[in-house]
Amino acid sequence: MGKVLDFSHPPKVGHWSKVKMNNGDRCWISIGKESVIIKKSKLGLFGKKIFEKGPIIDVYAKLTKLDEMFPKKLTPDDMTSFVLKYFTNAALNCSSLDELKIALDKVFK
């Protein structure tokens, strides 16, 4: 199982989480006003994008499907942003960034 290293969501500044995958990959999940970006990155500044989807309203429309794909809830209890929670839970349920990318591509084709 992966591990949430850190996260931030409103009312704090930023809307992101850092996850360490089972295989050691570092995953940066960023929720913006226009899109969701997931990178192979420790800090989110650099790194290869593995997923980018927008407009955000289209992302919201498919969150239920993402939630159904990963019924095992692994996110911290104090993570209250539902969109961040769904994407972070998906990352925690996958063993690598490649597996996460495949799963997200199925949901957000």
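Which residue takes a positive phi in the hairpin of β2 and β3? Gly24 does, with phi near 100°, and five residues lie between the two strands. This is a predicted model, where local features need pLDDT of at least 70 and side-chain atom pairs count only at pLDDT 80 or more, while totals for chains, interfaces and linings use all residues. Residues are numbered from 1 along each chain as its sequence is written, and side-chain values use heavy atoms, with hydrogens and water left out.

**Strands and hairpins**

- Helices (H or I, at least four residues) and strands (E, at least two) are DSSP runs, numbered from the N terminus.
- Two strands pair if DSSP finds at least two bridges between them.
- β2 (residues 16–20) pairs with β3 (residues 26–31) in the antiparallel sense, over five bridges.
- Lys20 stands opposite Arg26 in β3.
- β3 is also joined to β4 (residues 36–40) by five bridges, and these strands run antiparallel.
- The hairpin from β3 to β4 passes through four residues.
- Two residue pairs mark this pairing: Ser30 has Ile37 in β4 as its bridge partner, and Trp28 stands opposite Lys39 in β4.
- β4 pairs in turn with β5 (residues 48–53), antiparallel, over five bridges.
- Val36 has Lys53 in β5 as its bridge partner.

**Cis peptide bonds**

- Pro10 and Pro11 are joined by a cis peptide bond, with omega about 15°.
- Pro11 sits in the loop between β1 (3–8) and β2.
- Gly54 and Pro55 are also joined by a cis peptide bond, with omega about 0°.
- Pro55 sits in the loop between β5 and α1 (56–61).

- Leu43, Leu45 and Phe46 form a nonpolar surface patch, with about 410 Å² of accessible area together.
- Patches are made of residues with over 30% relative accessible area and no salt bridge; like charges are joined within 9 Å, and nonpolar side chains (Val, Leu, Ile, Met, Phe, Trp, Tyr) within 5 Å.
- A salt bridge puts a side-chain nitrogen of Lys or Arg within 4 Å of a carboxyl oxygen of Asp or Glu.
- Accessible areas come from the Shrake-Rupley method with a 1.4 Å probe; for residues, only the protein chains shown count as cover.
- Phe46 lies in the loop between β4 and β5.
- Phe46 counts as exposed because its relative accessibility is 69%.
- The classes are buried (under 20% relative accessible area), exposed (over 50%) and partly exposed (in between), with a 1.4 Å probe and protein chains only.

**Ser95**

- Ser95 lies in the loop between α3 (82–93) and α4 (97–107).
- Its relative accessibility is 31%, so Ser95 counts as partly exposed.
- Leaving aside neighbours within four places in sequence, Ser95 is in contact with Met21, Asn22 and Asn23; contact means heavy atoms within 4.5 Å.
- The Ser95 side chain makes a polar contact with the Glu99 side chain, at 2.6 Å.
- A polar contact is a pair of N or O atoms within 3.5 Å; within protein, one must be able to donate a hydrogen and the other to accept it, and residues adjacent in sequence count only if both atoms are side-chain atoms.
- Ser95 and Gly47 are 48 residues apart in sequence and 19 Å apart in space, C-alpha to C-alpha.

**Thr75**

- Thr75 is in the loop between α2 (63–69) and α3.
- Thr75 counts as buried because its relative accessibility is 12%.
- Leaving aside neighbours within four places in sequence, Thr75 is in contact with Lys85, Thr88, Asn89 and Leu92.
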